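Please open the model in a viewer and keep a selection panel at hand.

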Amino acid sequence: MAESRGSLSDSDGFKNNIVSALQLAKAELETKHEKANFIRIIMRFPKIRAVFDRLRAIHARCDKSGDGEVDMEELTEAMTELFNEGRAEGRDPIKPAVVARTLSISEVEEVGGMKTKGLDVKQFIVMCAIGFILAEENKDLSTFGGMLAAGDDAYRSAMSDVVTAYLSFDREGKGYFTADEFNGFMTASKRADAAKSFFTDERWAELDVTGDGKVEFEEFVYAFSKWISDDDEDDDDEEDEGRNRTKNPLTPRVTLALQLSKSVLDKQKKDVNFTRIIMRFPKIHQVFDRILSTHAKYDVNGDGKIQLRELTDAMKELMNASEEGAEGIDMQQVENIFMLSDLDHHGLEEGLDAKEFIVFCAVGFIIAEAGGSKSNRIISDHDKELTEEYHKAMMDIVGAYLTFDREGKGYFTSDEMHTAVQECGKKDAGTLLTPERWRELDIDHSGRVDFEEFVHAFSTWVTAGDDEDE
């Protein structure tokens with residue numbers, strides 16, 4: 001292990017520790033006889049993006065004020081809530097002074113930019129990367145990088161890729177690289193053509209955030225986080241705002257809720273098994289019947305849809321809220337859940353059909369579970385047994401979804417679904433999860449299935465025999 005150099009609570013000492021951590025990472029690569037290869041890292045962008053999506057979800061959770069930034073107070077609270085519990089045995093308690101110094105150095109500021117008091121999403125990713133390398137070097141230290149202590153292999157792999165990508169340019173691990181080293185990488189690369197197509201003059205301008213002619217680790221991560229998400233921004237430009245799930249402020253919270261649900265299932269050592277959930281279809285069907293009855297009851301105009309204005313009364317019944325308790329319903333959140341559940345994109349006035357209403361209930365459930373708010377759980381009856389059945393059914397849906405989205409990143413692809421079916425090796429699951437089922441899942445034809453799309457298709461599978469009975 002490289003020796004730590006100086007205190008983490010002062011600027012020079014903190015910088016020295018980062019350099020020491022980078023040199024340790026460089027030494028480990030050399031021990032494995034591996035070279036830092038950025039072109040190879042480019043091929044891993046989708047996996048890194050999935051981890052960055054999770055960090056964006058955590059950033060949204062930390063941002064209690066909703067201003068798009070997280071400050072010292074919000075960070076300290078998040079550190080305690082999200083990372084202390086999962087800290088590996090032997091790690092020290094979180095030190096506010098270290099959090100403050102990490103926050104300060106992560107405030108990568110673009111030329112001409114205005115100084116703020118907190119971290120935006122890209123700066124937050126910088127903070128996590130710095131925390132990661134420091135926690136890798138010092139096994140006693142507890143930082144945001146301490147997530148690796150909970151055995152999060154996907155996180156460790158993604159952050160290791162970030163460090164490797166950086167060391168492609170800073171070959172000595174000295175804590176920065178220059179324009180000459182940047183250009184030298186492209187000359188030395190065996191895939192020079194591919195490198196040149198990616199590393200343009202514009203890329204250098206993005207890297208040298210401060211404009212001082214050299215790129216430090218934190219500047220590199222800041223630019224790298226943008227490159228990882230470039231495709232997402234292109235998608236945003238192509239899609240109408242009303243149709244784009246990424247613009248819904250609740251999306252990061254849904255992703256985080258899925259991660260927390262995954263953590264709960266892991267702690268309970270419950271094997272997520274789709275075939276086992278298929279055996280529970282009759283019980284889940286009963287819960288869906290109660291949700292559908294509520295939908296029909298509050299479909300006042302009988303058009304098969306429940307409009308946003310009709311949802312307040314439905315929420316009272318589903319949540320057992322009294323007239324006084326109903327005042328605590330966050331109608332802005334209800335509207336956001338409504339828009340996530342509106343999979344045919346007909347809008348607020350058109351309303352949610354029966355299956356979309358099931359999606360609405362499922363999204364509301366996981367968000368409330370993640371927040372620990374009993375008053376906002378969408379439940380159905382005063383009867384304790386029925387309430388427990390509702391909870392079990394909703395957790396079955398989450399468990400079924402996590403069969404495919406193993407990392408809880410908020411979506412899964414057809415390859416991930418195919419892999420899960422192969423690993424399951426059970427006749428029932430293999431029969432149900434066919435290529436035709438994928439077409440039912442991927443409603444927006446994006447090539448990936450998010451939680452809302454999954455619930456919509458799942459409700460069809462559970463109630464598949466109903467139309468025949470009619």
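**Cysteines**

The structure holds zero disulfides, a disulfide being a pair of cysteine sulfur atoms within 2.5 Å. This is a predicted model, in which local features need pLDDT of at least 70 and side-chain atom pairs count only at pLDDT 80 or more, while totals for chains, interfaces and linings use all residues. Residues are numbered from 1 along each chain as its sequence is written, and side-chain values use heavy atoms, with hydrogens and water left out.

Select C128, which is buried at 1% relative accessibility (buried means under 20% relative accessible area, exposed over 50%, partly exposed in between, with a 1.4 Å probe and protein chains only). Continue to C361, buried with a relative accessible area of 0%.

**Aromatic pairs**

Next, display the rings of Phe, Tyr and Trp. The structure holds 27 aromatic pairs. Rings (for Trp, the six-membered one) pair if their centres lie within 6.5 Å; planes under 30 degrees apart count as stacked, over 60 as edge-to-face and the rest as tilted.

Select F169 and F220: their ring centres are 6.1 Å apart and their planes stand at 55 degrees, so the pair is tilted. This pair links distant parts of the chain, 51 residues apart, with F169 in the loop between helix 7 (153-167) and strand 1 (176-178) and F220 in helix 11 (residues 217-238). Helices (H or I, at least four residues) and strands (E, at least two) are DSSP runs, numbered from the N terminus. F169 is buried at a relative accessible area of 2%, and F220 is buried at 0%.

Move to F404 and F454, a tilted aromatic pair with 6.1 Å centre to centre and 55 degrees between the planes. F404 lies in the loop between helix 18 (384-402) and strand 3 (411-413), and F454 in helix 22 (residues 451-462), so the pair ties together parts 50 residues apart in sequence. F404 counts as buried at 1% relative accessibility, as does F454 at 0%.

**Charges over rings**

Select K174 and Y176. The charged end of K174 sits over the ring of Y176, 5.0 Å from its centre; the criterion is NZ of Lys or CZ of Arg within 6 Å of the ring centre and within 35 degrees of the ring normal. Then select R448, which lies over the face of Y411 at 3.9 Å from the ring centre.

**Helix 12**

Finally, select residues 251-267. Helix 12 has 17 residues and reaches 25 Å from its first C-alpha to its last, close to the 24 Å expected at 1.5 Å a residue (1.5 Å times one less than the number of residues). Its buried residues include T251, V254, L258 and L265.
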